Amino acid sequence: MSTHQTLGHRFLPPSVSLPRTVKTLSTTALEGRSCHHRLVSLLLIEEGLAALRVGDAATARRAFELALGEGESGEVLEGLAEALYLERDYPGSAARYERAYSAYRSERQNMAAGRAARTLAWITGNVLGDWAVRSGWLARARTILEEAGKDRAEHGWVLIISAFSEPDAQVRESLLREAIAIGRRFGDPDIEFLALAYLGGLLVMTDRVEEGMVLSDEALAAACAGDVTELATVDEIFCGLLWACELVNDVPRADQWMRAAAERMQRSNVVAAFCRAHYGGILTAAGRWQEAETELVQAARHFDRGMSARRAAAIIRLANLRVRQGRLEEAAQLLKGLEQHPDVVPTLAALHLARRDTALARDLLERATQGSSEDEVPTVGESTMVGPLLALLVDVHLEQGNLDDAERVAGRLGRVAKAQRGPYLRAVAALAKGRICVATGQGDARACLHEALEGFEQAQLPMELARTRLELARALSDRSPEVAVAEAKAALEGFEQLQAARHADAAGALLRSLGAPIRIGPKGIGPLTRREAEVLGLIGAGLSNAEIGDRLYISRKTVEHHVGNLLSKLGLRNRTEAAAYATRQKISP
């Protein structure tokens with residue numbers, strides 16, 4: 001018997017004509033209810049389930065709320081919880097799942113109670129950030145599901161839950177592979193593909209990146225095809241792939257899947273807001289900064305009230321975008337209070353480096369990358385997690401003029417990069433080596449930098465590509481000045497397209513030193529930068545400086561600076577004239 005039958009699966013295939021509710025509602029739940037009320041309740045439940053199948057959350061919610069008026073049951077409460085989840089009312093969804101769990105226990109439907117507990121664990125931990133609560137609900141789900149024994153599909157869920165808390169990577173892998181086998185044996189795709197997705201993530205973490213990403217691809221293909229039907233499972237698979245793509249800077253894979261999954265995402269409204277923060281990070285790396293800002297700001301706003309743990313993930317990525325844009329004051333403002341967050345190290349170190357606080361950057365990066373000697377074989381997971389930090393540390397040493405230290409760290413970076421087949425980290429290592437060749441005047445800088453160019457081109461990372469072109473221009477400035485000018489112009493064009501003002505200034509300075517005429521400056525509306533135009537649009541919409549700061553996640557002082565600049569550039573005397581100008585020019589926020 002499959003889990004679809006034992007757990008009362010929520011999405012029956014169209015060929016099943018008899019309502020699932022008739023099969024699963026217990027005799028106790030039916031006692032004392034009139035035939036009329038039973039029929040109304042059953043019809044409302046089926047209406048709600050049909051709406052959930054097509055992603056119509058509003059219709060589903062109304063149907064289950066009406067059914068709740070006919071009588072409370074685990075079935076109805078779980079349906080309402082799913083509808084609220086699709087509407088991204090995560091606290092409301094969690095509350096209904098908890099009530100559904102209690103109702104199922106009262107109805108002696110323990111397997112359905114286990115499902116509700118698992119879903120509640122996902123929402124409380126991975127969505128709301130309450131990890132202790134997540135741990136409690138996972139333990140509860142495991143206890144309930146263990147009652148089914150090892151010769152039932154439910155044992156697959158027990159293995160997946162056990163893998164969550166298993167510290168040994170090899171044991172965790174064994175548990176997940178066994179869960180996959182059980183899912184296939186009992187024909188339960190939710191078990192099979194969730195375990196496959198988690199196994200893919202584990203392989204990425206242990207430097208088997210290509211193997212892991214292929215498994216994640218398969219799991220997501222199943223989710224898009226509708227093989228996977230439990231809501232939390234679909235979200236977990238989507239989130240896992242986006243997380244892995246962001247971790248290894250696999251922009252092409254993320255882009256392809258976001259296109260392929262667009263219909264599934266729109267139909268079912270899946271992918272929790274914090275998961276889209278990972279996509280915002282990917283868009284930042286891809287140079288699609290306006291899209292990235294939209295994703296990250298929306299994710300942050302969703303968690304503005306009472307979900308600080310999840311909001312931080314979006315805010316840190318937004319700060320990383322600001323560092324790349326050269327908007328360092330805004331980045332620093334965003335990172336206030338997040339200095340101890342586990343995800344903050346690369347962004348905070350990059351900010352320190354950009355502000356010439358190299359001692360702070362070095363201390364932060366050395367603490368984050370300690371644990372193995374540069375002469376040792378890379379530890380498991382080192383290339384994935386530590387490699388990018390080592391690249392930043394090379395930049396810090398070069399900025400401080402510590403060439404020996406830079407070479408030492410670059411050597412370690414080169415060794416860990418070999419553990420990854422993808423182009424990103426190898427290109428990062430080649431860029432670091434090329435920069436050292438330029439600084440020391442030794443080695444073949446040109447060959448290293450061309451290798452980096454090829455890798456960054458393949459990885460579709462325009463910021464890194466422009467940085468490498470600028471380094472190549474510096475390497476060629478003495479012996480091939482004409483080629484150096486061409487590379488510097490290409491770098492400048494890349495930085496200007498990205499609106500990376502600080503890097504564009506560096507490219508412009510090199511071109512001037514080579515005697516090349518240039519015109520640089522960020523593009524916006526007329527004389528305005530894009531940010532100034534954005535502030536102008538918000539002034540036109542009637543927002544105060546404080547409200548603009550809240551909307552854009554910048555300080556009031558920064559808003560005042562932008563307002564002063566735009567008034568000066570446009571020859572306006574005050575905010576009233578600015579608002580009128582924005583209206584005439586149809587500049588919207």
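Buried here means under 20% relative accessible area, exposed means over 50%, and partly exposed is in between (1.4 Å probe, protein chains only). By that cut-off, Gly 200 counts as buried because its relative accessibility is 0%. This is a predicted model, so local features need pLDDT of at least 70 and side-chain atom pairs count only at pLDDT 80 or more, while totals for chains, interfaces and linings use all residues. Residues are numbered from 1 along each chain as its sequence is written, and side-chain values use heavy atoms, with hydrogens and water left out.

**Overall picture**

- The protein chain has 34 helices and 0 strands; these are DSSP runs numbered from the N terminus (H or I, at least four residues, for helices; E, at least two, for strands).
- Of the 589 residues in the protein chain, 55% are buried.
- Take the contacts (heavy atoms within 4.5 Å) between residues at least 6 apart in sequence: 61% of them join residues at least 24 apart.

- Gly 200 sits in helix α12, residues 189-205.
- Setting aside neighbours within four places in sequence, Gly 200 is in contact with Gly 212, Leu 215 and Ser 216.
- Glu 173 is 27 residues from Gly 200 along the chain, and their C-alpha atoms are 9.6 Å apart.
- Thr 233 belongs to helix α14 and counts as buried because its relative accessibility is 1%.
- Not counting residues up to four places away in sequence, Thr 233 touches Trp 157, Asp 190, Leu 194 and Val 228.

**α13 against α14**

- Helix α13 (residues 209-225) packs on helix α14 (residues 231-248) at about 150°, with the axes 9 Å apart; axes are lines fitted to C-alpha atoms, for helices over the stretch in contact, and angles run from 0 to 180 degrees between N-to-C directions.
- The pair is therefore roughly antiparallel, on a scale where under 35 degrees is roughly parallel, over 145 roughly antiparallel, 65 to 115 roughly perpendicular and the rest oblique.
- The α13 side of the contact includes Met 213, Ser 216 and Leu 220, and the α14 side includes Ile 237, Phe 238 and Leu 241.
- By type, the residues of this α13–α14 contact are 12 nonpolar, 1 polar and 1 charged (Ala, Val, Leu, Ile, Met, Phe, Trp, Tyr, Cys and Pro are nonpolar; Asp, Glu, Lys and Arg are charged; the others, Gly among them, are polar).

**α24 against α25**

- Helix α24 (residues 387-400) and helix α25 (residues 403-417) pack at about 165°, axes 8 Å apart, which makes α24 roughly antiparallel to α25.
- Among the residues that meet are Leu 390, Val 394 and His 397 in α24, and Arg 408, Val 409 and Leu 413 in α25.
- The α24–α25 contact divides into 11 nonpolar, 2 polar and 3 charged residues.

**Nonpolar cores**

- A nonpolar core is a set of buried Ala, Val, Leu, Ile, Met, Phe, Trp, Tyr and Cys residues joined through side-chain atoms within 4.5 Å.
- The largest one has 178 residues, and Ile 123, Ile 237, Leu 413, Phe 456 and Phe 495 have the most contacts inside it.
- Helix α14 supplies the largest share of this core, 11 residues.
- Another core of 20 residues lies apart from the largest one, with Val 563, Leu 567, Tyr 581 and Ala 582 among its members.
- Beyond its neighbours within four places in sequence, Ile 123 is in contact with Tyr 85, Tyr 90, Ser 93, Ala 94, Tyr 97 and Leu 128.
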